[in-house]
Amino acid sequence: MPIHVTVAWIAGLVGAAMVIIATLVAAFSYNTRTDKPLNRDYSPLTHLVSTLGHRTTPQHTLFNVLMILSAVCFAALVFGIAREVGDDVIKAILSTIAIPSGIAGALVGFYPSGKPSDTSPVHLIFAIFFFMLSAFIVGVFSGYALFDSAPNFPRELGWVGVLPVLACAGNLIVGVVMIIIGDTGWSIPDLSASTTNPPRIMALPTLEWLYIITLNIWVVVMAIHLLSR
């Protein structure tokens, strides 16, 4: 097995594991707070991913560090996949976008938070860039696997990337609309403390987590495919 393939599948599985561990540990620590907004436990249906990296979450440092490392792992996986792609144009696109996507993802952890109620938009900017670049990577690869004769990648792998691309598009569209209309109620922590009957499902957190989960599934599937070849 070529070294770049070995590095890629290891990076993919390790990166996915770090996302899972970081999420579970940070979510549990968030729920131990005695001052949770609206006294609601963390839920991917009502809380944004950035909530786990916010300074008010007890294990925010661990979460942000693991997110930084997982972004580096994502870039390594994509670069390894690119090396196995037969089409020179697709190879160049994936190789080129892998690095800035990893950098953007890492900077999300370096600059945590980014809620509407926070003053710095830096986290939000890098998060948007990571979402767009990573979804672009998945979309380009999926199109290649679905419509090209890819000897190293069966067509079935292309279908794995459809849902994360759609989830990312939905998340970005909803986010842009809320910014345009001035709606800052993105998640439970952003709602007013006087809010009565806070919702059990909110569009932006749900779509954001849907993307993170389906992207992680794509990463694991691609890593297992590289390992089993």
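**Exercise 1. Decide whether Asn39 is buried or exposed, and say where Asn39 lies.**

*Solution.* Start with the cut-offs: buried means under 20% relative accessible area, exposed means over 50%, and partly exposed covers what is in between (1.4 Å probe, protein chains only). Asn39 has a relative accessible area of 58%, so Asn39 is exposed. Next, find its place: Asn39 sits in the loop between helix H1 (3-31) and H2. Helices here are DSSP runs (H or I, at least four residues), as strands are (E, at least two), and they are numbered from the N terminus. Finally, look at the backbone: Asn39 is not a glycine, yet its phi is positive, about 55°.

Before going on, please note that this is a predicted model, in which local features need pLDDT of at least 70 and side-chain atom pairs count only at pLDDT 80 or more, while totals for chains, interfaces and linings use all residues. Residues are numbered from 1 along each chain as its sequence is written, and side-chain values use heavy atoms, with hydrogens and water left out.

**Exercise 2. Do the steps again for Asn197: what is its phi, and is Asn197 buried or exposed?**

*Solution.* The phi of Asn197 is near 50°, a positive value in a residue other than glycine. Its relative accessibility is 72%, so Asn197 counts as exposed. As for its place, Asn197 belongs to the loop between helix H7 (162-181) and H8.

**Exercise 3. Find out which residues Thr57 touches, not counting residues up to four places away in sequence.**

*Solution.* First locate Thr57, in the loop between helix H2 (50-53) and H3. With 0% relative accessibility, Thr57 counts as buried. Now list its contacts (heavy atoms within 4.5 Å): Thr57 touches Ala26, Ser29, Tyr30, Thr51 and Leu52, leaving out residues up to four places away in sequence.

**Exercise 4. Classify the ring pairs Phe74 with Phe130 and Phe131 with Tyr211.**

*Solution.* Here is the rule: rings of Phe, Tyr and Trp (its six-membered ring) pair if their centres lie within 6.5 Å; planes under 30 degrees apart count as stacked, over 60 as edge-to-face and the rest as tilted. The rule gives 10 aromatic pairs. For Phe74 and Phe130, the centres are 5.9 Å apart and the planes are at 75°, so this pair is edge-to-face. Phe74 is in helix H3 (residues 60-84) and Phe130 in helix H5 (residues 122-147), so the pair ties together parts 56 residues apart in sequence. Both Phe74 and Phe130 are buried.

Turn to Phe131 and Tyr211, which form a tilted pair with 5.0 Å centre to centre and 45° between the planes. Phe131 is in helix H5 and Tyr211 in helix H8 (residues 203-228), so this pair ties together parts 80 residues apart in sequence. Phe131 is buried, with a relative accessible area of 6%, and Tyr211 is buried too, at 0%. To finish, ring pairs link Phe74, Phe130, Phe131, Phe141, Tyr144, Phe153, Tyr211 and Trp218 into a cluster.

**Exercise 5. Describe the whole protein: how many helices and strands does the protein have?**

*Solution.* The count comes to eight helices and zero strands. Buried residues make up 49% of the 229 residues. Among contacts between residues at least 6 apart in sequence, 73% join residues at least 24 apart. Along its principal axes, the C-alpha trace spans about 60 × 35 × 25 Å.
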